[in-house]
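Dear colleague,

Please find below the structure that I am handing over to you, with its sequence. My findings follow it.

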Amino acid sequence: MTEQQLPAWADPTVSPAGLDAQGVSRRQLLHRAGLFGAAFAAGSLATPAAAATPRRLGGSDPRLAYLVGDHHIHTVYSHDAKYTFSQLASAGEKFGLDWMVFTEHSNFGHAQFGAPLEHAEILKARKENPRQLIFQGLEWYIPGAEHCTVFSPPGKHEVDLLTKFESAYDGKLLGYTEGSAGAADTARNEAHAVKAIKWLAEQRRTGYVDDVLVLANHPMRLGIDSPHEMRNWRDAAPEIMIGMEGAPGAQGAAIPGWRGATSIRGEYENKPSAQSWAGYPADGYLTYGGFDWATATVGGLWDSMLAEGSLFSITTNSDAHRIVFDTWKNGDWPVGQNFDNTGKLPDPVNTDTPQPGSDFWPGQFSRTHVGVTGYGYRAVMAGMRAGRVWLDHGHLLDGLDVRLTRDCDAGRGVTLGGRLRVRRGEKLTLNITVTSASRLNPQGILPELAHVDVIRGAVRGPVADRDTWKAPDTRVVKSKDVTGRTGTYTLRVPLTVGDESFYVRLRGSDGNRHGAGYLGASVDPHGPITHEPGNGDPWADTWFYSNPVFVDVLGG
């Protein structure tokens, strides 16, 4: 049975936004023991036997369901946020999220008091929202750099892991913040960041925790995550440090007339500082179609890392602190209490008047879709580690499934994050199955996909200069106009294998705003562009991106 012939398992009571590209309802997977077995329904990781066997030359990745989530969310246990776990989990449920990671800022109040108290709230939220996977995480201040999400699945050491890590490796707590070139402490701080990631890897290796993942947050917001640092983090433990935010949260920052005339989507409103890496251009501190410059630039930093032949995933999220147009404000402190001596803000109070904010609720605008073979915390993390990830803004798509196949092979091929082994001269087909948006998004708009772009880059191996941020052989090689197409359809793009290994990745948009890419029209003829300060309505400029598929040419 081919994927196009799969039965229509969709539950008619489930909204179309809850379907994957084959029509499989994510919510129904929670109740369908027959799909992955009883262990799947119980929430444990059940890996199909086919996934455990070595791949054939042509690949045969498993069929997937896609679970939607957000790995960067803040509550009253962060010093600059204001919502309870229950408020945010309920919002995530409303907007269709299957999994969420709560990532409180590291600081002295949190380290001393907040994390254990927070865990009780996590347990409550899990009980109140039994159909959601709710992770407890941490937003780590990387020594010498920016922030990262750190999280693990539920287990007896999930809190201990975070508190031990926070105390031993957080740059803010240790005073290891210096990262400017030539400063006396920079080398020590950068080395400590690498040591931290290796420590996390050791906790997983020894079984202290079942799993742990790290993702760099808003990497270009301040320009202090240099290319060599990002490569160092990745290479310290590629199975732990798996990627970065391709698009930051705070997507509502530049809604016209809301926050100010200088506001930029993602709150990317900074200029280079002494801490910034000097090799980034000033334009790198902006967002393009809401996406970080490192991701949005075809042939840019993300591509330069992929061109080494190593997977480095991208995600998107809400970074929820203060929601646009929301009417809640922080409660008042009791006498003698503050964040440093409690680790928690007072619960919010409703004012009935819109309060300042830049963010959307989890799942309201930004969504990360993870392909899983089973239901559960570890299944989501395994899908993320494997790179089976695509992301969209504004609920642009209901579903996306990607398979790269050898024309001479009958297998299912490989999907996002995978590797296809081929010989020179072989012909391949990139099968892109799109399910168009079929209901109004939270803004009351029915999103329409205008085009799908195929981006191809040569794989050349490790770079000599670890501060390289360009991949000169990466470009858009095909753009498919899909204006007016609805329902589920498959685009088939032929690819020919040359002498070099390569990768392909996908991108597409509603077609409302585009222009020549940052490195020129010959590289990217209609890529995302910046918006005028204060005039960046996110709902009018939405994109999707996918992780790459790698093609390894035998003897190449």
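Accessible areas here come from the Shrake-Rupley method with a 1.4 Å probe. On that basis, the accessible surface of the protein comes to about 19800 Å², and carbon and sulfur atoms account for 53% of that surface. Please note that this is a predicted model.

Confidence. The average pLDDT of the protein is 90, and 90% of the residues reach a score of at least 70. Residues 1-55 have a pLDDT below 50, although this stretch makes 100 contacts in the model beyond near neighbours in sequence. Where pLDDT is low, the predicted coordinates should not be read in detail.

Overall architecture. The secondary structure of the protein consists of 14 helices and 22 strands. Of its 556 residues, 62% count as buried. Among contacts between residues at least 6 apart in sequence, 78% link residues at least 24 apart.

Nonpolar cores. In soluble globular proteins, nonpolar side chains tend to be buried together. The largest nonpolar core in this model has 94 residues, and the members touching the most others are W99, F135, W140, W233 and M384. Helix α9 (residues 186-205) contributes the most to this core, with six residues. Apart from this core lies another, of 32 residues, including V414, L430, V454 and V493. As for M384, leaving aside residues up to four places away in sequence, its contacts are W99, F151, L213, L215, I242, S313, T315, V370 and V389.

Cysteines. The count of disulfides comes to zero, taking a pair of cysteine sulfur atoms within 2.5 Å as the criterion. C148 has a relative accessibility of 1% and therefore counts as buried, whereas C408, at 58%, counts as exposed. The cut-offs behind these two assignments are under 20% for buried and over 50% for exposed.

A458. This residue belongs to strand β17 (residues 451-458). Its relative accessible area is 12%, so A458 is buried. Which residues does A458 touch, not counting those up to four places away in sequence? They are A307, D473, E500, S501, F502 and Y503.

With kind regards

Terms used:
Residues numbered from 1 in each chain as written. Predicted model: local features only at pLDDT ≥ 70, side-chain atom pairs only at ≥ 80, totals over all residues. Heavy atoms only, no water. pLDDT = per-residue confidence, 0-100. Contact = heavy atoms within 4.5 Å. Core = buried A, V, L, I, M, F, W, Y, C linked by side-chain atoms within 4.5 Å. Buried < 20%, exposed > 50% of the residue type's maximum accessible area, 1.4 Å probe, protein only. Helix = DSSP H or I, 4+ residues; strand = E, 2+ residues; numbered from the N terminus.
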